[in-house]
2 protein chains.
Amino acid sequence: MLDIFREIKEEINHVEKGLRMVVEDSDPLIKDTSVHLISAGGKRLRPAFSFLGGKFYNYDYKKILPLAVSLELIHMASLVHDDVVDSSLTRRNIPTVKAMWGNKISTHLGDYLFGKSLKLIAGYENFFIARVLADTSVRMSEGEVHQLFSANRPDQGIRDYFYRIKRKTALLIAASCQLGAVACGAPESIHLPLRRYGHSIGMAFQITDDILDLVADADQLGKPIGSDLRQGIVTLPLIHALRHSPQRDRLNEILAAGEKSPGEIEEACGIIVSGGGIEYSNRIVERYIDNAKRQLDRLPDVPARQTLSTVAEFISIRKF
Amino acid sequence: MLDIFREIKEEINHVEKGLRMVVEDSDPLIKDTSVHLISAGGKRLRPAFSFLGGKFYNYDYKKILPLAVSLELIHMASLVHDDVVDSSLTRRNIPTVKAMWGNKISTHLGDYLFGKSLKLIAGYENFFIARVLADTSVRMSEGEVHQLFSANRPDQGIRDYFYRIKRKTALLIAASCQLGAVACGAPESIHLPLRRYGHSIGMAFQITDDILDLVADADQLGKPIGSDLRQGIVTLPLIHALRHSPQRDRLNEILAAGEKSPGEIEEACGIIVSGGGIEYSNRIVERYIDNAKRQLDRLPDVPARQTLSTVAEFISIRKF
């Protein structure tokens, strides 16, 4: 947990307990898998944002807790579904038991966690929460499908990229910031600026992620550099370089190839960096951070406002 | 559509239109895939049950329509997720674009359809509907995970089987019968017998499916005989034969093997049939059908009651 979230440390502990309780009544088989997932940890960013959002109006953490747990479950479900990978198109082969578990278990476990989040949300008598989260989940899937269809395609613009990262990342963070306040009964004048704040830092967060995939220290990042490129995911620095780098033809060629060698990945990373893709993307991040801070100016001056401002700063300077 | 559903033909047409409208506003990429799925058709059994359930109390098809569409979307989403198959555990290989789409698209498209169903459900001001469907979706995933973990395992009892088919099939049909009435404002004295009716015919429907997988005409069924066995799915006729057939040791041996040759599948089917697994399962089906009919006796004598009774009869005599 980020140290800037220390004012909600207790609440996050309740979320950890809540996540465990949610899967407590499950069949042992599914419980073990879920507990394993929950124990693997995570920053619990979305629950944290929901509590911080609630601080702006009649804060009562108990009103937010089911929402906070459900936000983390939605996030976990989407991560589990992202793990589904194809290694072959062959479908007529008889799968071994172990092989059958791989992708299938990811799919059904994700559905299970998502279903559990729905049960928590269905406990709220405020329809607005269910409607925002239903809409968010539809858009999250749209973003994932768009990413699949646009893989390895150089013929896409910045708008395609923004369409995807809004859905993949920003909307759930926006909903987290907004709905924590909604759960406490906040009016639009409070929860709409919070939503916009969340949207902006969500966008900034994802662009930074995409920058770090190209320039971070692989050890700190915990994965090899250029993994987006390897999967054919077209990110903002790449889009910029595809338009402005003097070596854009070569970059195009590497991208369009289905499989890419480690040497090609390295070469492509070099072209993107030297072509100014990183500086350009950093400027866009700054713009989103500025917008996030402007939204905070519209909110009451409670301590959580300073925390959210610090979070915004942190996003633009993080190195992993 | 079964001819017995002719009294709700118009309503089912509205469901077809509704399904198309739901994906109308989507990104073209996801819309094409969804429309393809919807056009592939289906019996629309769950929407049909929701309308028939509504006929028992202040019937207004408009109140049921969003629910009916959402029930079909949940069903479609679960089918799409069932399509996720593993052909290899290798995950470090770089997937080709085409291969990447396969399982991934199934996962995200299923999520998308499920999310769309939530949006429709979130439109109801009756919390009961959202709660029943959230619970149902959790249990459906539990059933799927249980099926994965129990594949190829002879050491399971009839209770494991009932646990799975209740979740895989019966609960959503039970919810369909119940919630159509709930959407029209029916009291418990109406919607609980409908739920129990749906549960019983759902169980009977799935057991019949599992029988047909062993004895149906492959052409009529549209898939090869013994496909459950091939996937290691342990069904009621098999469980019976594993306990009572004189050749149970051989059956055990075939089941426990990960991959099964066509000859072994045929041999196993033969052992199950000669061991009385089919007669036994048919008796269980009859018991569920009887129970379903007893539930109908508790309901007002409207024409839909005769339809539901005919549906119950049909389930036990269908051949494909």
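**Close-up views of a predicted model**

**View 1. Contacts along chain A.** In chain A, 77% of the contacts between residues at least 6 apart in sequence join residues at least 24 apart. Two residues are in contact if their C-beta atoms, placed from the backbone, lie within 7 Å. This is a predicted model: local features need pLDDT of at least 70, side-chain atom pairs count only at pLDDT 80 or more, and totals for chains, interfaces and linings use all residues. Residues are numbered from 1 along each chain as its sequence is written, while chains are lettered from A and ligands numbered from 1 in the order in which they are written.

**View 2. The fold of chain A.** Chain A has 15 helices and zero strands. Helices are DSSP runs of H or I with at least four residues, strands are runs of E with at least two, and both are numbered from the N terminus. The C-alpha atoms fill a box of roughly 55 × 55 × 35 Å along the principal axes.

**View 3. The nonpolar core.** The largest nonpolar core holds 183 residues. Such a core is a set of buried Ala, Val, Leu, Ile, Met, Phe, Trp, Tyr and Cys residues joined through C-beta atoms within 7 Å. Buried means 20 or more other C-beta atoms within 10 Å of a residue's own; exposed means 12 or fewer, and partly exposed lies in between. A:I129 and B:A204 are among the residues with the most contacts inside this core. B:A204 touches B:V285, B:Y288, B:I289, B:A292, B:I315 and B:S316, not counting residues up to four places away in sequence.

**View 4. B:F162 in helix α7.** B:F162 sits in helix α7 of chain B, residues 158–183. B:F162 is partly exposed, because 16 other C-beta atoms lie within 10 Å. B:V84 is 78 residues away from B:F162 in sequence and 23 Å away in space, C-alpha to C-alpha.
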